[in-house]
Amino acid sequence: MHLSYASTTPPDAIAGLLAGYPVVIRNPVGYGDMDVQGHVNNVIYYRYIENARIAYYERIGKYAVQQETGVTFVLHSNACRYRVSVEYPDIVHVGARFSKIEDDRGTMQYLLVSERLGRVAAEAEAVLVSLDTRRKAKA
């Protein structure tokens, strides 16, 4: 069950914040996403980010290429900067984009926006490196 709330944030405002992110997903905040401090736990933000990364992969056909070539991306490192506390009930919109692509790695940026607050809740970045799963070596 997801408790409803009256969002005062116009959809255009959220879209404006996420302009420039080709993939945007919606993550409903679950009651169990909160920690003892009463806000969404930091680990949950990484789940939201992962959901956006997977949606991005699906959009570009990564899994078909991986199946065909054996080449994939694996997470090398990630970081998240929290801007405002998010609480249940809410919906967090997550934008994903590549900001840098090199021969053997890429950097993804994420922007997490609270629908209830109409503000950026967090900004994150992840470095992904290529891996040849058949050779178990750097691609």
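**Entry 1: one arginine.** I started with R53 and listed what it touches, skipping its neighbours within four places in sequence: R53 is in contact with L75, M108, Y110, A126 and L128. Contact here means heavy atoms within 4.5 Å. I then looked up where R53 sits, and it is in helix α2, residues 42-60. Helices (H or I, at least four residues) and strands (E, at least two) are DSSP runs, numbered from the N terminus.

Before going on, I noted the ground rules. This is a predicted model, where local features need pLDDT of at least 70, side-chain atom pairs count only at pLDDT 80 or more, and totals for chains, interfaces and linings use all residues. Residues are numbered from 1 along each chain as its sequence is written, and side-chain values use heavy atoms, with hydrogens and water left out.

Entry 2: Buried means under 20% relative accessible area, exposed over 50%, and partly exposed in between (1.4 Å probe, protein chains only).

**Entry 3: the helix.** I checked the length of α2: its 19 residues reach 28 Å from first C-alpha to last, close to the 27 Å expected at 1.5 Å a residue. That expected span is 1.5 Å times one less than the number of residues. The buried residues of α2 are I44, Y45, Y48, I49, A52, R53, Y56 and Y57. An α-helix has 3.6 residues a turn, so residues three or four places apart point the same way. I also looked up what covers those buried residues of α2, and the cover includes α3 (62-69) and β5.

**Entry 4: strands.** Which strand does β2 (residues 71-82) join through 11 bridges? I found β5 (residues 119-132), running antiparallel to β2, with A79 partnered by E125. Two strands pair if DSSP finds at least two bridges between them. On β4 (residues 105-114) I found 10 antiparallel bridges to β5, and there L111 has E123 as its partner. β3 and β4 pair antiparallel over 9 bridges, and V92 has S114 as its partner in β4. A hairpin of 3 residues joins β3 to β4. β1 and β3 are antiparallel too, over 6 bridges, with N27 opposite V92.

Entry 5: Most residues other than glycine have a negative phi, and most peptide bonds are trans. K136 has a positive phi near 55° and lies in the loop between β5 and β6. Is K136 buried or exposed? K136 is exposed, at 68% relative accessible area. The peptide bond from Y88 to P89 is cis, with omega near 0°, and P89 is in the loop between β2 and β3.

**Entry 6: confidence.** Last, I looked up pLDDT, the predictor's confidence in each residue, from 0 to 100. The protein's mean is 94, and 94% of its residues reach 70 or more. Confidence is lowest in β6, at a mean of 90, and highest in β4, at 98.
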